[in-house]
Amino acid sequence: MSPTRIPQPEDFDPLKPHLSLSLHYPSPPESTTAILLLFHGLGDSDTPFLSFARNLSLPGVLAISVRGIAPLPPSLLGLPLDSGPTNNFHWGDDLKLDGRTGEIDMDPGYDKVWELVMGKLIGEVLMKECGWELGDILLFGFGQGGGVALGLGSKVRTWEGVGEDDAKVREVKEGEEVKEGVVVGERKEKEKAFKGIVSIGGALPPSMIPSISAREKAKTPVLVLHGSESEYVGEDEVDLIKREFENVKVVEWKRPDDGMPRSREEVLPMMEFFAERLKSGWP
């Protein structure tokens with residue numbers, strides 16, 4: 001099904017002040033056929049990632065760079081306590097320190113992100129108001145934001161949708177049955193997955209794995225990129241992602257650290273993944 005309409009800046013006004021974001025439209029905007037949501041790393045903001053999306057210049061893709069849901073406290077940045085709100089954001093429900101390492105816990109819980117990004121941004125604005133489907137949406141994240149992207153892809157497999165009138169945002173074909181606002185059968189299964197996820201240096205947060213013991217693997221195709229001595233992505237983290245997702249590709253860079261791609265060799269797997277997913281239909 002074709003998108004009902006291209007989201008306009010005013011469509012996102014109901015998200016304020018709880019969720020801030022920046023938009024980059026393809027040229028011309030009317031060429032939009034997919035949406036890319038970008039999630040920055042711990043202590044960053046949406047602005048640099050909008051520039052990244054602009055430089056990517058994926059054809060026909062509306063890029064939405066999302067800002068973390070809360071600012072880091074000035075004390076964590078070595079600033080005076082009376083400095084006021086910082087422009088460095090995080091995604092967690094809270095800020096917690098790992099009892100073993102003393103570092104910031106990368107899985108402090110993400111219920112607020114789920115409510116704001118999945119429930120409001122994706123469910124209510126992109127799907128219900130503008131008529132897009134999950135299979136039209138790509139997710140990209142770095143560090144903690146990469147974990148958020150993977151977590152959304154993991155948790156969406158048990159998502160119940162945006163309400164009983166959810167069927168109104170998409171075409172219901174003759175012979176299809178609608179139950180509890182969702183088209184029964186193949187379409188329902190397809191709606192449980194995004195178009196694709198790219199995570200750089202981000203691990204899947206265990207708190208965003210559904211607790212259902214007999215759960216199927218998540219259907220969203222995943223690309224994980226990380227340095228050879230990644231701070232957050234090791235063998236255990238890769239194994240967890242592969243246990244929870246059906247289609248996973250992992251690329252380990254030659255350089256030790258995580259970071260945004262710096263060379264053609266590092267960029268190429270990501271661009272090939274985007275090209276493949278943009279050519280495809282449903283996951």
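Modeller: Contact means heavy atoms within 4.5 Å. The model is predicted: local features need pLDDT of at least 70, side-chain atom pairs count only at pLDDT 80 or more, and totals for chains, interfaces and linings use all residues. Residues are numbered from 1 along each chain as its sequence is written, and side-chain values use heavy atoms, leaving out hydrogens and water.

Colleague: Which residues is Ser-154 in contact with, leaving aside its neighbours within four places in sequence?

Modeller: Ser-154 sits in helix 3 (helices, H or I with at least four residues, and strands, E with at least two, are DSSP runs numbered from the N terminus). Its relative accessibility is 0%, so Ser-154 counts as buried (under 20% relative accessible area; exposed is over 50%, partly exposed in between; 1.4 Å probe, protein chains only). Beyond those neighbours, its contacts are Leu-204, Met-208, Ile-209, Pro-210, Ala-218 and Phe-245.

Colleague: Is strand 2 enclosed or open?

Modeller: Look at both faces. Ala-34, Leu-36 and Leu-38 are buried on one side, and Ile-35, Leu-37 and Phe-39 are buried on the other. That makes 6 of 6 residues buried, so strand 2 counts as largely enclosed.

Colleague: Which residue is the bridge partner of Phe-39 in strand 3?

Modeller: Strand 2 runs parallel to strand 3 (residues 61–66), and 6 bridges join them. Two strands pair if DSSP finds at least two bridges between them. Phe-39 lies at a bridge here, and its partner in strand 3 is Val-66.

Colleague: And in strand 6, which residue is the bridge partner of Phe-39?

Modeller: Strand 2 (residues 34–39) also pairs with strand 6, in the parallel sense, over 5 bridges. Across that pairing, the partner of Phe-39 is Gly-141.

Colleague: Which residue in strand 9 stands opposite Leu-139?

Modeller: Strand 6 (residues 137–142) is mostly covered, with 5 of its 6 residues buried. It pairs with strand 9 (residues 196–200), again in the parallel sense and over 5 bridges. Opposite Leu-139 stands Ile-197.

Colleague: How far apart are the end C-alpha atoms of helix 6?

Modeller: Helix 6 (residues 264–279) has 16 residues. The expected span is 1.5 Å times one less than the number of residues. That gives 22 Å, and the distance between the end C-alpha atoms agrees: 22 Å.

Colleague: What is the omega of the peptide bond from Ser-27 to Pro-28?

Modeller: Most peptide bonds are trans. Pro-17, in the segment before strand 1 (21–24), is joined to Lys-16 by a cis bond with omega about 0°. Pro-28 lies in the loop between strand 1 and strand 2. The bond from Ser-27 to Pro-28 is cis too, with omega near -5°.

Colleague: What is the phi of Ser-57?

Modeller: Most residues other than glycine have a negative phi. Ser-57 is in the loop between helix 1 and strand 3. Its phi is positive, near 50°.
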